[in-house]
Amino acid sequence: MENPYQKLSAVSPQREDGHRRIANDVYRELLLSDMTASELKVVLYIIDQTWGYSKKSASITVSAMVAATGFTSRMIRKVISLLKARRIIHYERTGALVRGQHLNEFLFNKHYDTWLTRQLFESSPLNSSTVTPEPEGTQLLSESSPPSIIERKKDIERAGESEKAKSPKPKSDHAKAIAYFCDKHLDSTDTPYHFVKGKDGTIVRDLLATYDLEKFRQLVDALFLSDDPFYDKAGRTMGTLKGTVNKLAQSLSESHTVLECY
């Protein structure tokens with residue numbers, strides 16, 4: 001059959017000029033996945049930068065992803081964090097700097113039977129992410145989910161029960177909370193957080209008196225994932241976390257209510 005649009009085109013791509021080789025089963029799983037268009041676009045770019053150059057992994061900056069996808073840097077950080085949490089991609093900080101940006105090493109996880117569906121990820125008791133699903137292309141897998149998904153859900157539930165059964169010391173929770181906030185700040189802004197021991201330490205202690213460690217992590221995630229311009233002006237600090245904690249807690253409650261209704 002002739003292509004009726006060939007005469008209108010100014011380009012003529014040829015396989016010989018370069019192409020991306022993807023295993024058939026991986027390609028089918030990408031089509032069946034419940035990733036949004038934004039997430040799939042980032043995944044395809046990572047595949048392009050790795051498999052496209054016959055590499056298992058590649059060092060990629062956030063600015064390179066911004067240029068390739070057209071997304072904002074905040075959107076990129078939000079998407080890659082969620083994709084990593086769902087085991088679709090993996091990345092680690094290399095320690096190298098490019099124009100002041102930390103360089104991360106990325107790889108696409110071809111072992112699709114280890115991916116977490118959005119539904120399983122959001123219902124997991126170990127999930128500290130508060131990312132609200134994008135409205136575009138949010139189609140969940142159900143009957144087609146592999147048996148390993150069910151087994152992973154059982155493992156997660158057992159791990160959650162085990163986690164609840166533990167009673168960590170308050171001092172341990174305090175240290176974990178501080179480390180979590182500082183790591184999140186570094187991942188989200190590419191700059192280390194200047195922790196003020198007395199002031200910030202007191203804030204963490206006060207928050208842990210009201211919320212448990214898991215809830216604290218959810219509040220921190222909500223702080224760094226929020227698109228509210230207020231945080232861009234005020235900065236994402238321990239102080240803004242404390243000052244807007246009620247607002248963040250309310251947003252978490254509303255997002256959980258939406259998911260339950262859905």
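Let me begin with methionine 65, which lies in helix 3. The model before you is a predicted one. With a relative accessible area of 1%, methionine 65 is buried, because the cut-off for that class is under 20%. Which residues is methionine 65 in contact with, leaving aside its neighbours within four places in sequence? They are Val42, Tyr45, Ile46, Ile60, Gly70, Ile76, Ile80 and Phe106. Twelve residues along the chain from methionine 65 is arginine 77, and the C-alpha atoms of the two are separated by 9.8 Å.

I turn next to the helix pair to which this residue contributes. Helix 3, residues 62–69, packs against helix 4 at an angle of about 105°, and their axes are 9 Å apart. The two helices are therefore roughly perpendicular to each other. On the helix 3 side, the residues that meet helix 4 are Val62, Met65, Val66 and Thr69. Their counterparts in helix 4 are Ser73, Ile76, Arg77 and Ile80.

Helix 4, residues 73–85, also packs with helix 2. Here the angle is about 85° and the axes lie 10 Å apart. That makes helix 2 roughly perpendicular to helix 4. From helix 2, Ser38, Glu39, Val42 and Val43 take part, and they meet Met75, Ile76, Val79, Ile80, Leu82 and Leu83 in helix 4.

Helix 2 itself deserves a moment. The buried residues of helix 2 are Ser38, Glu39, Val42, Val43, Tyr45, Ile46, Ile47 and Thr50.

Two loop residues in this part of the chain call for comment on their backbone angles. Most residues other than glycine have a negative phi, and most peptide bonds are trans. Serine 54, in the loop between helix 2 and strand 1 (58–60), has a positive phi near 55°. At 73% relative accessibility, serine 54 counts as exposed. Arginine 87 sits in the loop between helix 4 and strand 2 (89–98). Its phi is also positive, at about 70°, although arginine 87 is not a glycine. Arginine 87 counts as partly exposed, at 36% relative accessibility.

Let me now move to the nonpolar cores. The largest has 25 residues, and those with the most contacts inside it are Phe181, Phe216, Leu219 and Leu241. Which elements give two or more residues to this core? They are helix 7 (170–189), helix 8, helix 9 (213–225), helix 11 (238–243) and helix 12 (245–261). Helix 9 provides the largest share, seven residues. Not counting residues up to four places away in sequence, phenylalanine 216 touches Ala177, Val204, Leu207, Leu208, Tyr211 and Leu241. Apart from this core lies another, of 24 residues, and among its members are Val43, Tyr45, Ile47 and Val79.

An α-helix has 3.6 residues a turn, so residues three or four places apart point the same way.

Although threonine 202 and methionine 238 are 36 residues apart along the chain, their C-alpha atoms are separated by 9.9 Å.

I end with the chain as a whole. How many helices and strands does its secondary structure come to? There are 12 helices and three strands. Of the 262 residues in the chain, 38% are buried. Among contacts between residues at least 6 apart in sequence, 69% join residues at least 24 apart.

Key:
Residues are numbered from 1 along each chain as its sequence is written. This is a predicted model: local features need pLDDT of at least 70, side-chain atom pairs count only at pLDDT 80 or more; totals for chains, interfaces and linings use all residues. Side-chain values use heavy atoms; hydrogens and water are left out. Buried means under 20% relative accessible area, exposed over 50%, partly exposed in between (1.4 Å probe, protein chains only). Helices (H or I, at least four residues) and strands (E, at least two) are DSSP runs, numbered from the N terminus. A nonpolar core is a set of buried Ala, Val, Leu, Ile, Met, Phe, Trp, Tyr and Cys residues joined through side-chain atoms within 4.5 Å. Contact means heavy atoms within 4.5 Å. Axes are lines fitted to C-alpha atoms, for helices over the stretch in contact, and angles run from 0 to 180 degrees between N-to-C directions. Angles under 35 degrees count as roughly parallel, over 145 as roughly antiparallel, 65 to 115 as roughly perpendicular and the rest as oblique.
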